[in-house]
Amino acid sequence: MGSTGFSWKLADHPKLPKGNLVAMIVLDGWGEASPDKFNCIHVAETPTMDSLKNGAPDKWRLVRAHGTAVGLPTEDDMGNSEVGHNALGAGRIYAQGAKLVDLALESGKIYEDEGFNYIKESFTTNTLHLIGLMSDGGVHSRLDQLQLLLKGASQHGAKRIRVHVLTDGRDVLDGSSVGFAEILEAELSELRSKGIDAQVASGGGRMYVTMDRYENDWEVVKRGWDAQVLGEAPHKFKNVVEAIKTLRQAPGANDQYLPPFVIVDDNGKPVGPIVDGDAVVTFNFRADRMTMLAQALEYENFNKFDRVRFPKIRYAGMLQYDGELTLPAHYLVSPPLIERTSGEYLVHNGIRTFACSETVKFGHVTFFWNGNRSGYFNSELEEYVEIPSDTGITFNVQPKMKALEIGEKARDAILSGRFDQVRVNIPNGDMVGHTGDVEATVVACKAADEAVKMIIDAVEQVGGIYVVTADHGNAEDMVKRDKKGQPILKDGEVQILTSHTLQPVPIAIGGPGLAAGVKFRKDVPSGGLANVAATVMNLHGFVAPDDYETTLIEVVD
């Protein structure tokens, strides 16, 4: 590639052979925690994963999958599947989501960039709408970022601001929405005292309003659209705190599933429907649950539901949510440019690659793995297979999900002899873990373990190598805990944890193709997901590029 002297060619590993099949298995939401009845992985029958853990001690270890290890700002930031797969595929740590936004807000760069200047053109005559998750969970959004954006936008010319809130209860405790709403109201009240017309305009629970993903249920997005754009909802209130407190009193109500509501003035008129000429920002930094709304806001041609009217707005995401679809076209903060991913290197070095998962995690084992890039690097050497996920039900209803089908596809790919790397994501621990259904999550973990066995059995048959790891924790701890690690009780009931965790995740290597003397090094104690890429490159017989995080393995004579 000219004067830079860059080459895709990887150096041969001095001690490890080429030509072995490598199966790369990612268990989603599978961390390592103390064994107790809320550790679904411990409770479940998982003989395959147990045998890896209790086998050769130098072939199993833990790696970090949260916080700075995956590019997030602090060690209190739990990992997620997007940043986890970015790190696994990229082999380097990139500033991610929240951290990118933090840097842009801190430096003020966000107000100088194209995205903000684009929406700013609406400020003199029209309203700025901010739509997103009202939470300090740090998975999809953060309340302090919304507060900074409100201040910054008002300092940069926004005179009329409307906030459309989605309540959380999934990444944070159920019921915490009331406190968040009070904090937000105080912020808006301060802006009003400075002559800015700022108020909440609508709201609803994240799982029932707006934040669907993977086109699972467009009705969820429509409920949000009706409230945010049309100003129509079954419930009308004078302010957001009253709205949330009242709606939470209904039997079985929780933050995740609050019905949509609009805020109305003294005449019963909605205070903030989105109209022609307005600016709209979706302030979540995480993509997966904003992409569908982004399509509805941006696409002229749209047939997923009847929008009734399609206002001509200036719309920007906090980040670009889909690089391949360039959606949205405008965004406030630019994404990390992840170049030279391990997948691209390996394909350039002739590694024939098969990747597979079901719909809910297919993007993780392809798009996110490949550095936020859709499609093949070389369609002659790669095959990606998506198994449709169950739709119209919550995942605890069918907790086995498509684990066995993924296992079968991987097995067939391995036995076909057509591939050098077979890569899968098995979603059960994460997707069922998010439902908070402990019994179903136990079933989910057992199914995931069976899928791992199916793949490892195929690896044994062809004399290959397996790498089994995870992207972040979830199923290993299903209860909220106090500072001492004891389960938190409320009205005599334990508080179920539906979110990811801060736990490390396992990585195991093995298989008949693993050269004698390969073991995990002892001198990378704080290794994380980004160290996996160099490790896998070694197992393929290559040395990783110099700027990759170091390999986890060594070869002892």
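Modeller: Leaving aside neighbours within four places in sequence, Ser 135 is in contact (heavy atoms within 4.5 Å) with Ser 141, Arg 142, Leu 143, Asp 168, Val 172 and Phe 180. This is a predicted model, where local features need pLDDT of at least 70, side-chain atom pairs count only at pLDDT 80 or more, and totals for chains, interfaces and linings use all residues. Residues are numbered from 1 along each chain as its sequence is written, and side-chain values use heavy atoms, with hydrogens and water left out.

Biologist: Why does Ser 135 count as buried?

Modeller: Its relative accessibility is 1%, and buried means under 20% relative accessible area (1.4 Å probe, protein chains only), so Ser 135 counts as buried.

Biologist: What makes the pair formed by the side chain of Ser 135 and the backbone nitrogen of Gly 137 a polar contact?

Modeller: A polar atom of that side chain lies 2.9 Å from the nitrogen, and the limit for a pair of N or O atoms is 3.5 Å, with one able to donate a hydrogen and the other to accept it.

Biologist: Where is Ser 135 found?

Modeller: In the loop between β3 (128-134) and α6 (143-155); helices (H or I, at least four residues) and strands (E, at least two) are DSSP runs.

Biologist: How do you know that β5 and β7 pair?

Modeller: Pairing takes at least two DSSP bridges, and β5 (residues 197-205) and β7 (residues 261-263) have 2, in the antiparallel sense. In β7, Val 262 is the bridge partner of Ser 202.

Biologist: What makes β6 and β10 edge strands?

Modeller: The open sheet runs β6-β7-β5-β4-β3-β8-β9-β10, and β6 (235-237) and β10 (331-333) each pair on one side only.

Definitions and conventions
Buried means under 20% relative accessible area, exposed over 50%, partly exposed in between (1.4 Å probe, protein chains only).
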